[in-house]
Amino acid sequence: MSNVALSTTRHRLYLRWLSRCPSRHAGSLASNRHRTSLQLLHQCQIQRRAAKTWATFKLHELPQQKSDAEREALEDEDVGPAYPTVVLQARNNMRKYENCVLLTRVGSFFELYFDQADKYGPLLNLKVAQKKTAAGPVSMAGFPFYQLDRFLKILVQDLNEYVAISEEFANSASGTVKSGGLMFDRKVTRTITPGTLIDEKFMDPYENNFLLALHPIDTDQAPNAPSNETIPAELAKGSIAPALVSKRIGLAWLDLSTGDFFTQTTTLGTLASAAARIGAREIVLSGGLNDSLRQSILDMLEQQRHLITYHTTQLAENSISSWAPMLEAEVPTQVQTTFSSEEIAAGSLLLAYVRGRLQGSGIKLQPPVRRQHKETMSIDKNSMRALEVLGTSKEGLGGGKGSLLHTVRRTVTKSGTRLLRDWIASPSMSLPVINARLDLVTQLRHDRGFREDITNLLRRTYDSQRLVQKFSMGRGDADDLISLLRTIEATNGIASTLQTRLLPSSNQKSVDEKDQKARSSLQALSSRLSLDGPNALAALINASIDEDGLMESHRVEETENADIVSMAQDVLQNEGSAEDQAAMSRISKTKVKPKAPPEQEPEEQDTWIIRRSASPVLEALHEALDGLRQDKASLTSRLRDELDAHSLSLRWTPGMGYICHVKGAKDVAASMKTSAATRDVRTTKSTRAFHQSEWSSLGGRIDQAKQRIRAEEQRVFQKLRGQVVMNLVKLRRNAAVLDELDIGCSFAILAEEQGLIRPVLNLGVDHKIVGGRHPTVKQGLEEQGRAFVSNDCFIGEKERIWLITGPNMAGKSTFLRQNALISILAQVGCFVPAEHAEIGLVDQIFTRVGSADNLFRDQSTFMVEMMETAAILNQATPQSFVIMDEIGRGTTPEDGIAVGFACLHHLYHKNRCRTLFATHFHALADMTNHFKHLACYCTDVAEEDGGSFSFVHRLRKGVNRSSHALKVARLAGIPEAAIETARAVLKRLDGSSPKHTEQAQPQFARA
Ligand SMILES: Nc1ncnc2c1ncn2[C@@H]1O[C@H](COP(=O)(O)OP(=O)(O)O)[C@@H](O)[C@H]1O
Ligand SMILES: [Mg+2]
């Protein structure tokens, strides 16, 4: 097969390469990949005729027969069985990347071998075949290359495996000689782990895909860090030695798909909360940690069952300046000094790990943003879970239905949703930031038309954060350029919508202060948009990419993918078992179109994705090609006349090269008479193929012209990629503005839907919430046609602690949570479900609520309860907000009361924070009635005639000494006899035990 010979097939393959192939392979890989696939297709055609099983044709028929020299070279690495080269290469790669599942590219397929085929074949629903080799049978399983994403999803995302992708590279002529005739080399180009996804289609677009590295400082200098000696082993499970609690840990996390990069310093004690907030897919730990420290970190993390990877780096890499090659802009020197040494250690570990995974392919991250503890409200991991901030307890942190995130989300873009998640997980502590957000919501809340214009434009944007990141990594195809173009167009629309809104309206005489504020929030957003560079880029994309051509090339590609499947099916139909076919149909989700009959005239269907006017060179090349096509048409008609064969056509086929093709007995016979000077290739009664020198030469020139066009297209495409990268920072900045607008609109829509009001935040320590509601419970009740009773909450300087008693099921827990949620929403910059809300900024929210879900941790309920309580008592400040729900339930009533009192005492005297404390131990009310800043409130049961009753959800001042537990028990269906027994016991206890009454505890009451 001649190298310059081109066909429609080759062109399609080229197109696919042009739009998919990373630029680092540009040039060399163009012809290589092209040739590889072509050879395979060629072979497939032959195979189809020979009808071999698809398992054998892949290996056996590939042009990589071992030469002696090659066998020697390979056996150096792998002494032992004489496997075929591909298998041997795979085996060496499996050893080199021993923790990974190896996928080896063989032509149009990816293959698994040996025990990996046995293990993962069934999990991936792939048939495992036994390949016969000189060294015995080898298990193998495979799938078409274009289904890579689907199988990666199962391996990486569902099974949490690390996957190494081994691509094939055609050896150059000299390389082929050097390697002893080996035409292909296979190298692992990337290893993919759950935390290092880049642009895989299965990534969740609504969530960041974070990879987190953590690094305690001094690990190498202090091999004998304090151990757990102070805590008995069985108790220490899940807890850490007090000496280690304050150990500082550096965190660094990034999302390869967006280029986001953050660092933070935390302590071992708060590590779990930080990890819960970040929600990383994978955590990297230094391989060089000492045992006790590593164990402590794992104990902290295990509670959330993270995927942990160990990685060891050289200490020399431990500086911010070493990060520069991976950043889009350098970190200024003054900023560098703000990073703590543990953050630098964590960042260096993180980047070193990523470099290894990407095998040297370029990456441009945004300069690291340092998150500081004080900038955000910290929601500890128990609160995160108990308040269902990001996900419900049933589904982990997935943002599932019923979670706060799910309830408030009305965003229309993917990246806006990711930012919303980030905001909700870390509400702000800055009044200016919160007020600016609230101003924007106010503006959007009142002007529905304006808001709808904005959301309609936002809907037309694409995820530029992820798109831009693709280009920064040398990826990004023509479709991505079109998506960027649409986004830039929509951004222009948004900019002018904002501008119009900012013009002083004619019917508005004076602009009041409020309006002025709201305007300035729009002004601030609008001034952050930079459009000059992006508009030039948009114009260039418009002028260069031929969208019709692009669509056509997708159509061609789909047909081609279907061809691969139908090819495999043909093979199976002829020789495979029914089982093989079932396996095949499982992997071929794409509709398989019937193949065109082979005798049909192959059409000239060159699809170009770059407009011919994109460059003068391209224009000239296309004109030249047009001329050659003209020549071809003339030659065709001349030959038809000369040979008296009207069916004659000029073609190229992989097997025969440039041929004149004639069909039909009459034409064949006629052509035979006059063409003595030609060389026949194949002649049957009904068709004839022969070589003709003029066509051979013209065909060659046509193919050369096409090749030049492709080279020029590639140059134009690279230029476009370059332009995107030049605009990287601006595009990202614009995207950030759109994300904030999306959230603003989302909050405004929500406010309108649910009648939310703007909260007033201040630097005090009071909660003044009038008519507060629980956002999700209210919705749930209303869906069942029931009404929600709103409640006020006035905790703060005057009444620091509210001690709440009342029957089961009357809304204590709901009240506690709703106030925590209102605080979170307010500091996120969202309107809140209340009639009025004035809230002093909360630095930390702590929750100690019901047990239930901790059993998997292998800890007793009471132990968990105490650990969580310890965290609260140790960490809450006067600015914090604590909710404690039924502390002391998991032990005897006496112990429970004792612990409950101790907590109240500590919170009141030491932490001095706002606290909502719900309990059934009404004795606690008596024991604390000398706490001046503690007030008692209760819910109740309203008894009705005839023994029925209803819950009073409205809180009132006072203590409710009856829990009405038996009423609830009966409601739940406990047999009447058992209820009677319980009632009798209760009567006896009430008579005999004065323990929990006021009189029995005078020493507390008046201490
Ligand atoms: N303010 C309210 N208005 C109406 N129904 C409520 C209210 N608060 C709670 N409920 C209903 O009562 C149920 C039990 O509430 P919960 O807070 O768990 O009670 P408690 O903690 O007192 O046992 C909730 O699931 C909800 O259906
Ligand atoms: Mg409760």
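**Entry 1: Lys470**

I began with Lys470, which comes out as buried, its relative accessible area being 18%, and I note at once that I am working from a predicted model. The call follows because the cut-off for buried is under 20% relative accessible area. I then looked up where Lys470 sits, and found this residue in helix α20, which spans residues 464-472.

Next I asked which residues Lys470 is in contact with, leaving aside its neighbours within four places in sequence. I listed Asp199, Arg475, Gly476 and Asp480. For Asp199 I checked the separation from Lys470, which is 271 residues in sequence but 7.0 Å in space, taken from C-alpha to C-alpha.

**Entry 2: α23 and α29**

I turned to helix α23 (residues 532-544) and helix α29 (residues 728-754), whose axes come within 9 Å and cross at roughly 105°. I therefore recorded α23 and α29 as roughly perpendicular to each other. On the α23 side the contact is made by Gly533, Pro534 and Leu537, and on the α29 side by Lys730, Leu731 and Asn734. Sorting the residues of this contact, I get 3 nonpolar, 2 polar and 1 charged.

**Entry 3: the whole protein**

Finally I looked up the totals, and the protein has 37 helices and 27 strands, with 53% of its 1007 residues counting as buried. Among contacts between residues at least 6 apart in sequence, 74% join residues at least 24 apart. I also noted an accessible surface of about 43,800 Å², of which 53% belongs to carbon and sulfur atoms.

Notes:
Residues numbered from 1 in each chain as written. Chains lettered and ligands numbered in written order. Predicted model: local features only at pLDDT ≥ 70, side-chain atom pairs only at ≥ 80, totals over all residues. Heavy atoms only, no water. Axes fitted to C-alpha atoms, helices over the stretch in contact; angles between N-to-C directions. Helix = DSSP H or I, 4+ residues; strand = E, 2+ residues; numbered from the N terminus. Parallel < 35°, antiparallel > 145°, perpendicular 65-115°, else oblique. Contact = heavy atoms within 4.5 Å. Nonpolar A, V, L, I, M, F, W, Y, C, P; charged D, E, K, R; others polar. Buried < 20%, exposed > 50% of the residue type's maximum accessible area, 1.4 Å probe, protein only. Areas by Shrake-Rupley, 256 points an atom, 1.4 Å probe, with all protein chains shown as cover.
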